[in-house]
Amino acid sequence: MKILDGKIVRDEILARLKKEFAKLAEVTKLAIIQVGARTDSNTYVRQKKIFAEKVGVVIEHLKFPENCLPAEIIEKINVLNADESIHGIILQLPLPVGFNTDEIFEVINPNKDVDGLTAKNLSRLSAGDLDGLIPATAKGILKILDYYKIPIVGKRATVIGRSRLVGKPAALALEARGAKVTVGHRQTENLAAIAKEADILVSAAGQKNLVGKDFVSPGQTIIDVGNDVDLAAVKDIAGALTPTPGGVGPMTVACLFENLLKARIINR
Ligand code: ADP
(Lines give C-alpha, C1' and ligand atoms only; values in the text may rest on other atoms or scores of the structure.)
Protein backbone atom coordinates (compact mmCIF):
# COMPACT_ATOMS: atom_id res chain seq x y z
CA MET A 1 0.00 0.00 0.00
CA LYS A 2 1.34 3.38 -1.03
CA ILE A 3 1.37 6.13 1.57
CA LEU A 4 0.19 9.47 0.17
CA ASP A 5 2.34 12.01 2.00
CA GLY A 6 0.51 15.31 2.39
CA LYS A 7 3.55 17.08 3.80
CA ILE A 8 5.49 16.84 0.53
CA VAL A 9 2.59 18.38 -1.38
CA ARG A 10 2.11 21.00 1.35
CA ASP A 11 5.75 22.01 1.10
CA GLU A 12 5.46 22.51 -2.65
CA ILE A 13 2.38 24.68 -2.22
CA LEU A 14 4.13 26.57 0.58
CA ALA A 15 7.13 27.40 -1.60
CA ARG A 16 4.92 28.63 -4.42
CA LEU A 17 2.66 30.69 -2.14
CA LYS A 18 5.65 32.31 -0.46
CA LYS A 19 6.78 33.62 -3.85
CA GLU A 20 3.30 34.75 -4.83
CA PHE A 21 2.65 36.63 -1.58
CA ALA A 22 6.08 38.26 -1.81
CA LYS A 23 5.22 39.65 -5.26
CA LEU A 24 2.32 41.66 -3.87
CA ALA A 25 2.99 45.27 -2.98
CA GLU A 26 0.94 45.20 0.19
CA VAL A 27 1.17 42.61 2.99
CA THR A 28 -1.61 40.02 3.06
CA LYS A 29 -3.68 39.90 6.23
CA LEU A 30 -5.88 37.11 7.51
CA ALA A 31 -8.23 37.60 10.46
CA ILE A 32 -9.07 34.59 12.63
CA ILE A 33 -11.97 34.93 15.01
CA GLN A 34 -11.92 32.41 17.83
CA VAL A 35 -14.70 32.18 20.39
CA GLY A 36 -13.72 30.30 23.53
CA ALA A 37 -10.52 28.29 23.85
CA ARG A 38 -11.14 24.69 22.79
CA THR A 39 -7.93 22.71 22.69
CA ASP A 40 -8.53 21.46 19.13
CA SER A 41 -9.29 24.98 17.93
CA ASN A 42 -6.13 26.28 19.60
CA THR A 43 -4.15 23.64 17.70
CA TYR A 44 -5.73 24.51 14.33
CA VAL A 45 -5.15 28.22 14.88
CA ARG A 46 -1.53 27.53 15.80
CA GLN A 47 -1.03 25.49 12.59
CA LYS A 48 -2.41 28.38 10.55
CA LYS A 49 -0.12 30.84 12.32
CA ILE A 50 2.95 28.70 11.62
CA PHE A 51 2.06 28.42 7.92
CA ALA A 52 1.26 32.15 7.73
CA GLU A 53 4.64 33.06 9.11
CA LYS A 54 6.38 30.85 6.55
CA VAL A 55 4.59 32.39 3.60
CA GLY A 56 4.74 35.98 4.87
CA VAL A 57 1.09 36.48 5.78
CA VAL A 58 0.08 38.49 8.84
CA ILE A 59 -2.54 36.94 11.10
CA GLU A 60 -4.82 38.99 13.27
CA HIS A 61 -6.04 36.56 15.93
CA LEU A 62 -9.19 37.94 17.54
CA LYS A 63 -10.17 36.06 20.67
CA PHE A 64 -13.57 36.30 22.29
CA PRO A 65 -14.63 34.71 25.57
CA GLU A 66 -17.02 31.78 25.38
CA ASN A 67 -19.73 33.83 27.08
CA CYS A 68 -19.61 36.74 24.63
CA LEU A 69 -22.73 37.71 22.68
CA PRO A 70 -23.26 36.64 19.06
CA ALA A 71 -23.89 40.33 18.28
CA GLU A 72 -20.29 41.13 19.27
CA ILE A 73 -19.00 38.59 16.77
CA ILE A 74 -21.29 39.91 14.05
CA GLU A 75 -20.15 43.46 14.73
CA LYS A 76 -16.52 42.41 14.48
CA ILE A 77 -17.13 40.58 11.19
CA ASN A 78 -18.76 43.71 9.78
CA VAL A 79 -15.72 45.75 10.74
CA LEU A 80 -13.41 43.20 9.10
CA ASN A 81 -15.60 43.09 5.97
CA ALA A 82 -15.21 46.84 5.58
CA ASP A 83 -11.47 46.88 6.35
CA GLU A 84 -9.58 46.86 3.04
CA SER A 85 -6.36 45.79 4.72
CA ILE A 86 -8.00 42.46 5.70
CA HIS A 87 -8.03 39.99 2.82
CA GLY A 88 -9.49 36.90 4.46
CA ILE A 89 -11.70 36.11 7.45
CA ILE A 90 -11.83 32.78 9.27
CA LEU A 91 -14.46 32.07 11.87
CA GLN A 92 -12.95 29.16 13.76
CA LEU A 93 -15.51 26.39 14.20
CA PRO A 94 -17.17 25.00 16.20
CA LEU A 95 -18.73 27.98 17.94
CA PRO A 96 -19.90 27.49 21.54
CA VAL A 97 -23.28 25.86 22.10
CA GLY A 98 -26.11 28.35 21.64
CA PHE A 99 -24.46 30.25 18.76
CA ASN A 100 -26.29 30.10 15.44
CA THR A 101 -23.32 29.18 13.26
CA ASP A 102 -25.13 29.49 9.92
CA GLU A 103 -26.49 32.91 10.73
CA ILE A 104 -23.15 34.27 11.91
CA PHE A 105 -21.20 32.71 9.04
CA GLU A 106 -23.43 34.40 6.48
CA VAL A 107 -22.27 37.81 7.71
CA ILE A 108 -18.81 37.14 6.26
CA ASN A 109 -18.25 38.81 2.89
CA PRO A 110 -18.14 35.81 0.48
CA ASN A 111 -15.10 37.37 -1.21
CA LYS A 112 -13.20 37.16 2.09
CA ASP A 113 -14.59 33.75 3.04
CA VAL A 114 -11.36 31.75 2.71
CA ASP A 115 -13.03 28.71 4.31
CA GLY A 116 -15.50 28.71 1.40
CA LEU A 117 -18.40 27.97 3.73
CA THR A 118 -20.80 30.84 3.06
CA ALA A 119 -23.92 29.92 1.12
CA LYS A 120 -22.71 31.81 -1.96
CA ASN A 121 -19.42 29.94 -2.15
CA LEU A 122 -20.98 26.57 -1.38
CA SER A 123 -23.67 27.04 -4.02
CA ARG A 124 -21.00 27.84 -6.58
CA LEU A 125 -19.31 24.57 -5.67
CA SER A 126 -22.60 22.66 -5.87
CA ALA A 127 -23.05 24.04 -9.37
CA GLY A 128 -19.80 22.28 -10.22
CA ASP A 129 -17.63 25.41 -10.33
CA LEU A 130 -14.22 24.73 -8.80
CA ASP A 131 -12.76 28.18 -9.53
CA GLY A 132 -14.18 29.96 -6.50
CA LEU A 133 -13.27 29.77 -2.82
CA ILE A 134 -13.87 26.09 -2.06
CA PRO A 135 -13.52 24.55 1.40
CA ALA A 136 -9.89 23.80 2.10
CA THR A 137 -10.27 20.12 3.00
CA ALA A 138 -12.14 19.39 -0.22
CA LYS A 139 -9.53 21.26 -2.21
CA GLY A 140 -6.77 19.42 -0.36
CA ILE A 141 -8.31 16.06 -1.25
CA LEU A 142 -8.37 16.92 -4.97
CA LYS A 143 -4.80 18.20 -4.84
CA ILE A 144 -3.35 15.17 -3.12
CA LEU A 145 -5.12 12.87 -5.61
CA ASP A 146 -3.79 14.95 -8.52
CA TYR A 147 -0.27 15.06 -7.11
CA TYR A 148 -0.13 11.27 -6.90
CA LYS A 149 -1.83 10.97 -10.33
CA ILE A 150 -4.84 9.08 -9.00
CA PRO A 151 -7.59 9.45 -11.61
CA ILE A 152 -10.90 10.98 -10.51
CA VAL A 153 -12.94 11.45 -13.66
CA GLY A 154 -15.27 8.53 -14.29
CA LYS A 155 -14.31 6.82 -11.02
CA ARG A 156 -16.58 5.78 -8.19
CA ALA A 157 -16.04 7.75 -4.99
CA THR A 158 -17.70 7.11 -1.66
CA VAL A 159 -17.63 9.84 0.99
CA ILE A 160 -18.45 8.80 4.54
CA GLY A 161 -19.78 11.82 6.47
CA ARG A 162 -21.92 14.71 5.26
CA SER A 163 -20.86 17.62 7.44
CA ARG A 164 -20.95 21.15 6.05
CA LEU A 165 -17.25 21.56 6.78
CA VAL A 166 -15.85 18.36 5.30
CA GLY A 167 -18.07 15.58 3.97
CA LYS A 168 -20.45 17.63 1.85
CA PRO A 169 -17.85 19.84 0.17
CA ALA A 170 -15.62 16.81 -0.48
CA ALA A 171 -18.52 15.04 -2.21
CA LEU A 172 -19.35 18.14 -4.28
CA ALA A 173 -15.72 18.68 -5.27
CA LEU A 174 -15.25 15.07 -6.40
CA GLU A 175 -18.48 15.23 -8.34
CA ALA A 176 -17.38 18.47 -9.99
CA ARG A 177 -14.26 16.62 -11.13
CA GLY A 178 -16.31 13.92 -12.77
CA ALA A 179 -16.46 11.15 -10.16
CA LYS A 180 -19.64 9.21 -9.49
CA VAL A 181 -20.14 10.08 -5.84
CA THR A 182 -22.07 8.22 -3.16
CA VAL A 183 -22.41 9.72 0.30
CA GLY A 184 -22.80 7.56 3.39
CA HIS A 185 -23.47 8.69 6.93
CA ARG A 186 -24.51 7.49 10.36
CA GLN A 187 -27.88 6.20 9.16
CA THR A 188 -26.71 4.58 5.95
CA GLU A 189 -27.50 0.89 5.59
CA ASN A 190 -24.84 -1.41 4.18
CA LEU A 191 -22.20 1.28 4.57
CA ALA A 192 -19.36 -1.25 4.26
CA ALA A 193 -20.65 -2.47 0.90
CA ILE A 194 -21.00 1.09 -0.40
CA ALA A 195 -17.49 1.92 0.78
CA LYS A 196 -16.09 -1.23 -0.75
CA GLU A 197 -17.36 -0.54 -4.24
CA ALA A 198 -15.53 2.80 -4.42
CA ASP A 199 -12.31 3.44 -6.29
CA ILE A 200 -11.74 6.40 -3.97
CA LEU A 201 -12.98 6.18 -0.39
CA VAL A 202 -13.04 9.43 1.58
CA SER A 203 -13.74 8.91 5.25
CA ALA A 204 -14.73 11.93 7.32
CA ALA A 205 -16.75 10.43 10.16
CA GLY A 206 -14.42 10.96 13.11
CA GLN A 207 -14.90 7.35 14.27
CA LYS A 208 -11.72 5.49 15.07
CA ASN A 209 -11.37 2.14 13.26
CA LEU A 210 -14.66 2.59 11.40
CA VAL A 211 -12.93 1.70 8.14
CA GLY A 212 -11.85 -1.90 8.51
CA LYS A 213 -11.32 -4.71 6.05
CA ASP A 214 -15.03 -4.94 5.11
CA PHE A 215 -14.90 -1.38 3.77
CA VAL A 216 -11.90 -1.79 1.54
CA SER A 217 -11.26 -3.37 -1.84
CA PRO A 218 -8.00 -4.24 -3.60
CA GLY A 219 -6.25 -1.25 -5.12
CA GLN A 220 -8.62 1.26 -3.53
CA THR A 221 -7.40 4.74 -2.61
CA ILE A 222 -8.39 5.77 0.90
CA ILE A 223 -8.42 9.41 1.98
CA ASP A 224 -8.59 9.28 5.75
CA VAL A 225 -9.86 12.67 6.87
CA GLY A 226 -11.41 11.66 10.18
CA ASN A 227 -8.68 9.31 11.44
CA ASP A 228 -11.17 6.53 10.79
CA VAL A 229 -8.97 3.85 9.28
CA ASP A 230 -7.92 0.64 10.99
CA LEU A 231 -4.46 0.58 9.46
CA ALA A 232 -3.59 -3.01 10.35
CA ALA A 233 -6.82 -4.26 8.77
CA VAL A 234 -6.49 -2.39 5.46
CA LYS A 235 -2.78 -2.24 4.79
CA ASP A 236 -2.59 -5.45 2.76
CA ILE A 237 -5.73 -4.68 0.74
CA ALA A 238 -5.87 -0.98 -0.19
CA GLY A 239 -3.74 0.52 -2.95
CA ALA A 240 -3.01 3.88 -1.32
CA LEU A 241 -3.78 5.73 1.90
CA THR A 242 -3.36 9.21 3.33
CA PRO A 243 -1.93 8.81 6.84
CA THR A 244 -3.06 10.67 9.94
CA PRO A 245 -1.25 12.76 10.85
CA GLY A 246 0.59 13.89 7.73
CA GLY A 247 -2.06 13.32 5.07
CA VAL A 248 -5.06 15.57 4.58
CA GLY A 249 -4.27 17.84 7.57
CA PRO A 250 -1.24 19.61 6.06
CA MET A 251 -3.07 19.86 2.72
CA THR A 252 -5.99 21.62 4.38
CA VAL A 253 -3.81 24.33 5.88
CA ALA A 254 -1.98 24.88 2.59
CA CYS A 255 -5.23 25.11 0.63
CA LEU A 256 -6.62 27.65 3.04
CA PHE A 257 -3.72 29.93 2.11
CA GLU A 258 -4.30 29.23 -1.58
CA ASN A 259 -7.81 30.52 -1.01
CA LEU A 260 -6.37 33.58 0.73
CA LEU A 261 -4.26 34.36 -2.34
CA LYS A 262 -7.33 33.86 -4.52
CA ALA A 263 -9.33 36.17 -2.24
CA ARG A 264 -6.71 38.87 -2.74
CA ILE A 265 -7.10 38.57 -6.49
CA ILE A 266 -10.91 38.62 -6.25
CA ASN A 267 -10.86 41.69 -4.00
CA ARG A 268 -8.37 43.68 -6.04
P1 ADP B 1 -16.65 16.79 10.55
O2 ADP B 1 -17.03 18.24 10.62
O3 ADP B 1 -15.23 16.55 10.93
O4 ADP B 1 -16.97 16.17 9.22
P5 ADP B 1 -19.02 15.96 12.09
O6 ADP B 1 -19.02 15.32 13.44
O7 ADP B 1 -19.67 17.26 11.89
O8 ADP B 1 -17.50 15.96 11.65
O9 ADP B 1 -19.72 14.96 11.07
C10 ADP B 1 -19.48 13.61 11.11
C11 ADP B 1 -20.19 12.97 9.93
O12 ADP B 1 -19.83 11.57 9.95
C13 ADP B 1 -21.70 13.02 9.99
O14 ADP B 1 -22.21 13.27 8.70
C15 ADP B 1 -22.12 11.60 10.47
O16 ADP B 1 -23.36 11.18 9.92
C17 ADP B 1 -20.98 10.76 9.95
N18 ADP B 1 -20.74 9.62 10.82
C19 ADP B 1 -20.45 9.62 12.13
N20 ADP B 1 -20.33 8.38 12.61
C21 ADP B 1 -20.54 7.55 11.59
C22 ADP B 1 -20.56 6.14 11.44
N23 ADP B 1 -20.34 5.33 12.46
N24 ADP B 1 -20.83 5.64 10.22
C25 ADP B 1 -21.06 6.47 9.18
N26 ADP B 1 -21.05 7.79 9.25
C27 ADP B 1 -20.81 8.33 10.43
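**Ground rules.** I worked from a predicted model, where local features need pLDDT of at least 70, side-chain atom pairs count only at pLDDT 80 or more, and totals for chains, interfaces and linings use all residues. I number residues from 1 along each chain as its sequence is written, and side-chain values use heavy atoms, with hydrogens and water left out.

**Strand β7.** I began with β7, residues 200–203; strands here are DSSP runs of E, at least two residues long, and helices are runs of H or I of at least four, numbered from the N terminus. Is β7 covered on one face or both? I found both covered: I200 and V202 on one side, L201 and S203 on the other, are all buried (under 20% relative accessible area, 1.4 Å probe, protein chains only).

**Its neighbours.** Next I looked up pairing, which takes at least two DSSP bridges between two strands. Strand β5 (residues 156–160) pairs with β7 in parallel over 4 bridges, and I160 has S203 as its bridge partner. Strand β8 (residues 221–224) also runs parallel to β7, joined by 4 bridges; there I200 is partnered by T221.

**Helices α6 and α7.** I then turned to α6 (residues 136–147) and α7 (residues 167–176), which pack at about 45° with axes 8 Å apart (lines fitted to C-alpha atoms over the stretch in contact, angles running from 0 to 180 degrees between N-to-C directions). From α6, A138, I141, L142 and L145 meet P169, A170, A173 and L174 of α7, contact being heavy atoms within 4.5 Å.

Terms used:
Buried means under 20% relative accessible area, exposed over 50%, partly exposed in between (1.4 Å probe, protein chains only).
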